[in-house]
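Work through the exercises below with the structure open. Try each task before reading its solution.

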Amino acid sequence: MLIAIMLLVGVAVTMVSTILVTEVDESWTAGSVTRGVLSAVLVLFSGVYVNLMLAGIVKVWRDPGSANRSLDKTIRDVRGWLGEKTKWLGIALTMALIVAAGVALRPSPPPDTGLEEGKLVVMTAFDESANDPRLMLIKLWNQLHPANQVEVVFVSGEPDQQNVRMVNDAKPDGAHEADVYVLDLVWMAQFREERYIRELDRSTLAGLDDFVPKVFGTCVHEGKLWCLPLNTDVGLLYYRTDLPLAVKPPTKWEQYFGADAAAAAAGTPQVDAANAAPLANEEILTVMALEAMWAAGGKAFGENGDVAQNEDKTSVQLGAGDEIGLRELAAAAHDDRVVVTAEARSTTDDVAVRTFADGRTLYMRNWPVARDGLRDRVGFGVAALPTAGVLGGQNLAIRAGTGKPRAAQALVDFLTSAASQLILSEVGGFAPTRQSAYDNAKRRDMQELRSALSSARLRPVTRHYVEFSQVFRDGVAEAINDRSGRLKPETLQRLAKILNQ
């Protein structure tokens, strides 16, 4: 029995010491050093014990009686030692506990940083054109990442309908089809506050300081990074350069949307009106109204997305500049020298491009992507708006419950990289989100675009933006139709209720 016990102890000590040696970390941490010391002690003990064990086995085998006498003597000695050396036993036990705690608290292995394998689904509202450089970049990703092929789900309809479709996918009981959403800038507050999307891991992202600060600011809330900007947007002023009389870039709103514009159109018989103005009751009407109010010095809608309200927050509070801006917008919409009035209130961005391209107006306020649609159709130049424009754009965000967060973030990083942004700008005409894309741009009007971004402002920041904008533009459309240019008190009250719900 004694021989069997000695053999079992020897095997156990040798196994434990061998396992500890093979698992010693290469990094020097408190846990790894403690484990290394314990391993060394056990290896030393194992070597000594094996030699003593062999001698003990031989002695017990030859003289079994001596084993009993030795065992009795050992028990007496241990009892005596325990009585005299209790404090040393306490010290030994304390040291053993410290070593055990060090082993237990050793750092856990680093998390897996590889990309999860499997398909990634991107849900977006941009069109399905094969020439869209955003889709070209996705195809390039697919070539480089065969284990993470991207499938694009296109969402059709007006922006409000697109929002509903994405919300229905992202909410807790939604379809959860997408891993990544291409979100309109104004939807960010809704998706963030409802926790439809997840925070990004900054530690794996480089070059964040290359993003245009104002654009990158739309991705950050309370110090957390929720998305990265795919493309930005801001209004540009297009003006004719192919007319006998020189058309100069306007330096104030009135020169392309007011009395000065009417005078310029009257002196140019080649055109129908001064401006191809998109005033259809869609999101563009919200944009046009805000820019008109800002041009007149309005302060109800702040540059950071805040909205002025009365003291008890029962109504949005317009100032004198806001009211003047709306009155001037209504007057312009009914002046056939300023805008093409027969079509003004049903004119979308695309219709405005066709009107300007047909040579019917002197000016047009539109987005940067309109530039390529005008090439070889009409002579034109591009300038920044003389007053503040609305900041637009699309951000890439990851669904909160995706099963492939690292792969999804790698895709987002790839699509917003410096190289990708330069491709989106130079090939597709999109407004890039990185400063390096402007520094290396070959397009002639990129600095005008950069200038327009510097003065751009946010639309109201609220998780109920879709509802807010619908009520606001309905009120603006009514104010234009009745020529008063005034938002009704009940409209202002409804807007405040939406903001505060």
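**Exercise 1. Is Asp-260 buried or partly exposed, and what does its side chain meet?**

Step 1. Asp-260 has 35% relative accessibility, so it counts as partly exposed. Buried means under 20% relative accessible area, exposed over 50%, and partly exposed in between (1.4 Å probe, protein chains only).

Step 2. Its partner is Lys-252, and the two side chains form a salt bridge at 3.5 Å, N to O. A salt bridge is a side-chain nitrogen of Lys or Arg within 4 Å of a carboxyl oxygen of Asp or Glu.

Step 3. Lys-252 is partly exposed too, with a relative accessible area of 38%.

Step 4. Elsewhere, salt bridges with shared partners link Asp-160, Glu-283, Arg-459 and Arg-473 into one network.

A note on the source: this is a predicted model, where local features need pLDDT of at least 70, side-chain atom pairs count only at pLDDT 80 or more, and totals for chains, interfaces and linings use all residues. Residues are numbered from 1 along each chain as its sequence is written, and side-chain values use heavy atoms, with hydrogens and water left out.

**Exercise 2. Find the salt-bridge partners of Asp-242 and Glu-193.**

Step 1. Asp-242 pairs with Arg-240, with the closest N and O atoms 2.7 Å apart. Asp-242 is partly exposed at 40%, whereas Arg-240 is buried at 5%.

Step 2. Glu-193 pairs with Arg-192, and here the closest N and O atoms are 3.9 Å apart. Glu-193 is partly exposed at 40%; Arg-192 is buried at 7%.

**Exercise 3. How many residues of strand S11 are buried, and which strands pair with it?**

Step 1. Locate S11 at residues 391-398. Helices (H or I, at least four residues) and strands (E, at least two) are DSSP runs, numbered from the N terminus.

Step 2. Eight of its eight residues are buried, so S11 is largely enclosed by the rest of the structure.

Step 3. Sort the two sides. Leu-391, Gly-393, Asn-395 and Ala-397 point one way, while Gly-392, Gln-394, Leu-396 and Ile-398 point the other. In a regular strand the side chains alternate between the two faces of the sheet.

Step 4. Strand S3 (residues 180-184) runs antiparallel to S11, joined by five bridges. Strand S6 (residues 228-234) is also antiparallel to S11, over six bridges. Two strands pair if DSSP finds at least two bridges between them.
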